[in-house]
Amino acid sequence: MEIYCLLGIPLTGGLFLALWGNRRNAPEINALFSLLTLLAAGVLTARIVASGPMLVGGEGWFFIDSFNVFLVALTAFVAFTTSLFSRPYMRIEQEHGRLSTQRLRLYHSSYQVFIAAMLLALTTNNMGILWVSMEAATLATVLLVSLYRTPASLEAAWKYFILCGVGIAQALFGTILLYFAAERVLGAGGSALLWTHLNGVKTHLEPTVLQLAFVFLLVGYGTKVGLAPLHNWLPDAHAEGPTPVSAVLSGLLLNVALYAVMRSKVLVDGALGNDLAGNLMMGFGLLSVVTAAFLIKRQTDVKRMFAYSSIEHMGLITFAFGMGGPIASFAGLLHMTMHSLTKSAIFFAVGHATQSAGTQLMDGIRGLIRTNPTLGWGLMLGSIAILGVPPFGVFASEFLIITTAMHEHAWATPFLLIALGVAFAAIFGRVQPMVFGETELPRLPHQPALTPVFLHLGLVLMLGLFIPPYLAMWYRQAAALLGG
């Protein structure tokens, strides 16, 4: 029952807001549906923690375990806090003439459909439905990125659609190969794509076919993750779309795409009995970390800079999952949580900063600590957190990843340390004058909605100082499911 509520609420919200989303209280309705989705996710999480994995549906069309329910809870939480942030943000955009009432209706309905598609991708047991839901999330995101209908936003949406469309086509071919291998063991029919069935017979699947399938799945879903050299869509989509869209892209969609890769990796590891999948993930992950770190230095747009930071951190998470083992998988899951919470908080602060300054160029944003001290400290603390400064949780997860790499793959450690150092210097050097620089601008006439910023950063700080035992157990269970 919980799973149907979890998926039905955002779908109902999308339909309702498509019909009545032009009302004045549409942002509050959007937040209400997001809150109900969060409550449904909480109930589902409590049940999984208490009773263990479960199959739902006639043939087990939905499968929930410690790995995906962790991402379900994280997705629902960030989706809710982003809806709270978007209430004043999108109203200000409308007041500034950047959005019409009809565009706001499109935004709110597409937002709920986007959340529903991601939750379906996380909970479905069918690898084919997983692909369909990822495609649905892509189409919903195209509408959100192009919301402003400016030449730049339309170009970014088109670029996103083309690149991710090519990527998702690769993932489709990988899924077909997966079915081809499974059909010989499980027989024809939809059940041959059920992940639980595939996991049960993975040692009997044809290794050569699985090897080729994973290459296509990694390239296809890796495009959605933003792994280099398939990352070109991501900075444009972040820079040209509304800031709430940037928050859910960085904080949620990238995680869901990586989840699809990890579900595939579990099957391939069992079929091949070697480290091919892990080595490929380590290679793409390390390339992404290094590429993004050096591209961060060249950015002048604040949203593009933090978009490249997302590529860097998703590369680090992919590298950790590629290493495998209990510590690296635990660290990857922890870093996934820290990045989602921290990066969405940063985009919340950046959204208000760019609105008040009237520009996304960092040279035009100065002295936030004077114009609005709360906003300035929010951006500064968020930037310090994402750079891995203790005691924030990003430091703990990065420390675990780096030390594991030192022990098991020492050759990669210098590349990781140099890339993280370059990114640290670039981001800190850019953010410091934005917060503490001299400015002639007056103080902001209104207080931005910064509760979600400090709520996220508070959680990141808490998890850096102390991980509750039940949460640590949850991470360990999920790491074990990933082969750690």
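Author: A residue is called buried under 20% relative accessible area, exposed over 50% and partly exposed in between, with a 1.4 Å probe and protein chains only. The model is predicted: local features need pLDDT of at least 70, side-chain atom pairs count only at pLDDT 80 or more, and totals for chains, interfaces and linings use all residues. Residues are numbered from 1 along each chain as its sequence is written, and side-chain values use heavy atoms, with hydrogens and water left out.

Reader: What makes phenylalanine 424 and phenylalanine 428 a stacked pair?

Author: Rings of Phe, Tyr and Trp (its six-membered ring) pair if their centres lie within 6.5 Å; planes under 30 degrees apart count as stacked, over 60 as edge-to-face and the rest as tilted. Here the centres are 6.0 Å apart and the planes 15° apart, so the pair is stacked.

Reader: Why is the pair of tyrosine 4 and phenylalanine 62 called edge-to-face?

Author: The centres are 6.0 Å apart and the planes stand at 90°, so the pair is edge-to-face. Tyrosine 4 is partly exposed at 45% relative accessible area, whereas phenylalanine 62 is buried at 14%.

Reader: How do you know that the charged end of arginine 98 sits over the ring of tyrosine 148?

Author: A charge sits over a ring if NZ of Lys or CZ of Arg is within 6 Å of the ring centre and within 35 degrees of the ring normal. The charged end of arginine 98 is 3.9 Å from the ring centre of tyrosine 148. Arginine 263 likewise lies over the face of tryptophan 195, at 4.5 Å from the ring centre.
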